[in-house]
Amino acid sequence: MSAMHALPLWAEWAIGLLAVIGGGFALIGTIGLVRLRDFYMRLHAPTKASTLGVGCALIASMLYFSLTGRGIVLHELAITLFLFVTAPVSAHLLAKAAMRGPRSPRPPDPAGPDLPLR
Amino acid sequence: MNAAPNVPAPGGPLDLLLGIALLLFALAALLAAWRLLRGPEAVDRILALDTLYVTSLALLVLLGMRLGTELYFEVALVIAMLGFVGTVVMSKFLQTRDIVE
């Protein structure tokens with residue numbers, strides 16, 4: 001029950017380092033989610049960093065299953081593409097929902113006093 | 001005997017690094033859960049839930065690598081789709097206060 005196809009050492013290091021880099025990105029994103037003080041700042045941090053982190057983990061998984069299994073495995077690309085398409089959409093919808101919120105008003109207009117919007 | 005797991009060699013660098021990556025993602029999930037519980041308003045909680053499902057997706061992918069099975073891939077795919085739909089529906093509800101438009 002040992003490893004059927006032993007990975008070469010460079011592949012082990014490459015896959016492992018990709019996974020660790022992905023974990024670092026995800027951790028930085030959620031630290032931003034916890035530490036930043038405004039909702040719009042908090043929206044900024046995890047939507048980028050976590051997507052990048054998951055992308056790294058999925059690339060690592062693709063490499064791993066391609067190098068150990070039967071031929072090239074690409075179906076992690078489905079998750080990657082789906083995440084990269086949907087993350088901006090959900091962030092946009094969250095920002096629009098926050099502008100309707102009771103306690104998180106619009107950021108002040110840098111050009112001057114507020115004009116009556118809509 | 002085609003179900004023999006294809007695990008990374010125990011004690012090798014991949015085993016160790018995958019453990020570290022799993023730990024980092026788990027810490028990220030914990031921080032997101034903290035924001036989910038604390039978040040001053042509903043939008044923060046929705047954002048934290050979004051981050052939480054993305055992080056748990058990565059956790060499942062890494063766990064599948066570590067256990068040498070591709071079963072967790074389908075779980076990750078379903079989580080990605082349902083999580084996106086959930087985020088869209090909840091933020092639309094906050095915008096319009098109405099589910100059925």
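Trainee: How are α2(A) and α3(A) oriented to each other, roughly parallel or roughly antiparallel?

Mentor: This is a predicted model, where local features need pLDDT of at least 70, side-chain atom pairs count only at pLDDT 80 or more, and totals for chains, interfaces and linings use all residues. Residues are numbered from 1 along each chain as its sequence is written, with chains lettered from A and ligands numbered from 1 in written order. The helices (DSSP runs of H or I, at least four residues, numbered from the N terminus) have axes, lines fitted to C-alpha atoms over the stretch in contact, that come within 10 Å and cross at roughly 175°. Angles over 145 degrees count as roughly antiparallel, so α2(A) and α3(A) are roughly antiparallel.

Trainee: How many residues does chain A bring to the contact with chain B?

Mentor: Residues are in contact if their C-beta atoms, placed from the backbone, lie within 7 Å. Chain B gives 49 residues, and chain A gives 54 residues.

Trainee: Which helix gives the largest share of that side of chain A?

Mentor: The elements giving two or more residues are α1 (9-35), α2 (39-68) and α3 (76-99) of chain A. The largest share, 17 residues, comes from α1(A).

Trainee: What is the handedness of the crossing of α1(A) and α2(B)?

Mentor: Good one to look at on screen! The axes of α1(A) and α2(B), residues 42-67 of chain B, come within 11 Å and cross at roughly 165°. A crossing is left-handed if the near helix is turned anticlockwise from the far one by less than a right angle, and right-handed if clockwise. The crossing of α1(A) and α2(B) is left-handed.

Technical notes
Two residues are in contact if their C-beta atoms, placed from the backbone, lie within 7 Å. Axes are lines fitted to C-alpha atoms, for helices over the stretch in contact, and angles run from 0 to 180 degrees between N-to-C directions. Angles under 35 degrees count as roughly parallel, over 145 as roughly antiparallel, 65 to 115 as roughly perpendicular and the rest as oblique.
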